[in-house]
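Below is a short report on one protein chain. Please keep the sequence and the structure in view while reading.

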Amino acid sequence: MEIERIRFLSERTRVGEYAFRNCIYLKEIILPDNSSVRIRGIEDRDKALPALAMQAVMDSMNCFKTDENNVLVECTGNIARLRIPEGITALGEGVFRDGNLLTEVTFPPSAVSVGKDAFSGCKWLKAVWQAQNVEEIGDRAFFNCGALERIECWGKLRRLGTRAFENCTSLQEILVPEGVEEIPEKAFYRCHSLKRVTLPSSIRRIGREAFAFCRELSMIHIPENTMENIVIEDRAFTGCAIEGGCAACQSGEGYR
């Protein structure tokens with residue numbers, strides 16, 4: 001699966017069916033006449049390509065099943081280090097749920113949404129890369145991803161779903177970008193290793209038990225003059241290291 005480039009030297013070379021299956025990192029096929037075909041994304045499936053190049057495109061993307069809107073609805077590759085091809089616009093509901101092999105996933109720039117339960121129960125998932133264009137993370141999208149340590153998806157995020165990161169017990173730091181107005185109910189519930197959270201000036205509500213039992217959580221950065229506009233619901237920080245300091249935060253003294 002690490003193959004990025006293949007050169008064919010002879011017109012007589014025979015290539016069997018599914019020879020390129022799950023070669024998800026394949027970027028280029030060089031044909032015997034020295035012409036080159038670059039593999040750029042799922043749009044290549046609809047192009048008029050030489051037969052050998054078309055086989056490489058179709059085989060390498062065989063594990064990605066999409067709907068008419070290029071939403072990923074099924075992934076059958078069973079691959080540990082997964083790179084999602086360019087052109088996929090969103091990850092559908094439950095598409096990787098309870099995946100037993102997935103350890104890393106790299107997003108394409110085209111993906112803007114992570115659906116409900118998309119990675120729920122992926123207990124070995126450690127890192128999510130290059131998801132800065134994601135605008136929405138659905139309910140329970142990363143529920144019970146106990147090994148998740150890093151997620152690069154905060155740049156354009158605007159909506160975070162209920163229980164999105166519940167029981168992500170290896171997460172240590174969260175930076176919520178400007179534009180997000182709500183941390184919903186149990187969004188980071190029982191994220192036991194979470195130590196630092198940075199919230200934007202746009203935040204208006206922290207839901208019930210949003211950070212409950214984040215027992216290592218000792219620092220929340222909130223812009224000055226923002227606290228007076230935030231509704232903090234019941235038990236939002238119960239069981240946290242900062243639980244006793246919430247009143248000081250609400251006094252409008254700035255960062256805590």
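The model is predicted. Six strands make up an open sheet with mixed pairing, in the order E4-E5-E7-E9-E11-E13. Its edge strands are E4 (64-66) and E13, each of which pairs on one side only.

E4 and E5 are joined by three bridges and pair in the antiparallel sense. Phe64 stands opposite Cys75 of E5.

## Nonpolar core

The largest nonpolar core contains 77 residues. Phe107, Phe119, Phe142, Phe165, Phe188 and Phe211 have the most contacts inside this core. Helix H1 (51-60) and strand E5 (71-75) each supply at least two of the core residues. H1 gives the largest share, three residues.

## Aromatic pairs

The structure has nine aromatic pairs. In one of them, Phe107 and Phe119 are tilted, with 6.4 Å centre to centre and 35° between the planes. Phe107 lies in the loop between strand E8 (104-106) and strand E9 (113-114), and Phe119 in the loop between E9 and strand E10 (127-129), so the pair ties together parts 12 residues apart in sequence. Phe107 is buried, at 3% relative accessible area, and Phe119 is buried at 0%.

The pair of Phe188 and Phe211 is stacked, because the ring centres are 5.3 Å apart and the planes are at 5°; planes under 30 degrees apart count as stacked. Phe188 is in the loop between strand E15 (182-183) and strand E16 (196-198), while Phe211 is in the loop between strand E17 (205-206) and strand E18 (219-221), so this pair links parts 23 residues apart in sequence. Phe188 has 0% relative accessibility and counts as buried. Phe211 is also buried, with a relative accessible area of 0%.

Beyond its neighbours within four places in sequence, Phe188 has contacts that include Leu160, Phe165, Ile174, Leu194 and Cys214. One aromatic cluster is formed by Phe96, Phe107, Phe119, Phe142, Phe165, Phe188, Phe211 and Phe237.

## Charges over rings

The charged end of Lys186 sits over the ring of Tyr189, 4.7 Å from the ring centre. For Arg21, the charged end sits over the ring of Tyr18, 5.7 Å from the centre.

## Cys153

Cys153 lies in the loop between strand E12 (150-151) and strand E13 (159-160). Its relative accessibility is 2%, so Cys153 counts as buried.

Cys153 and Gln132 are 21 residues apart in sequence, and their C-alpha atoms are 4.3 Å apart in space. Not counting residues up to four places away in sequence, Cys153 touches Ala131, Gln132, Val134 and Ile137.

Technical notes. Residues numbered from 1 in each chain as written. Predicted model: local features only at pLDDT ≥ 70, side-chain atom pairs only at ≥ 80, totals over all residues. Heavy atoms only, no water. Helix = DSSP H or I, 4+ residues; strand = E, 2+ residues; numbered from the N terminus. Buried < 20%, exposed > 50% of the residue type's maximum accessible area, 1.4 Å probe, protein only. Contact = heavy atoms within 4.5 Å. Core = buried A, V, L, I, M, F, W, Y, C linked by side-chain atoms within 4.5 Å. Pairing = 2+ DSSP bridges. Phe/Tyr/Trp six-rings, centres within 6.5 Å; stacked < 30°, edge-to-face > 60°. Lys NZ or Arg CZ within 6 Å of the ring centre and 35° of its normal.
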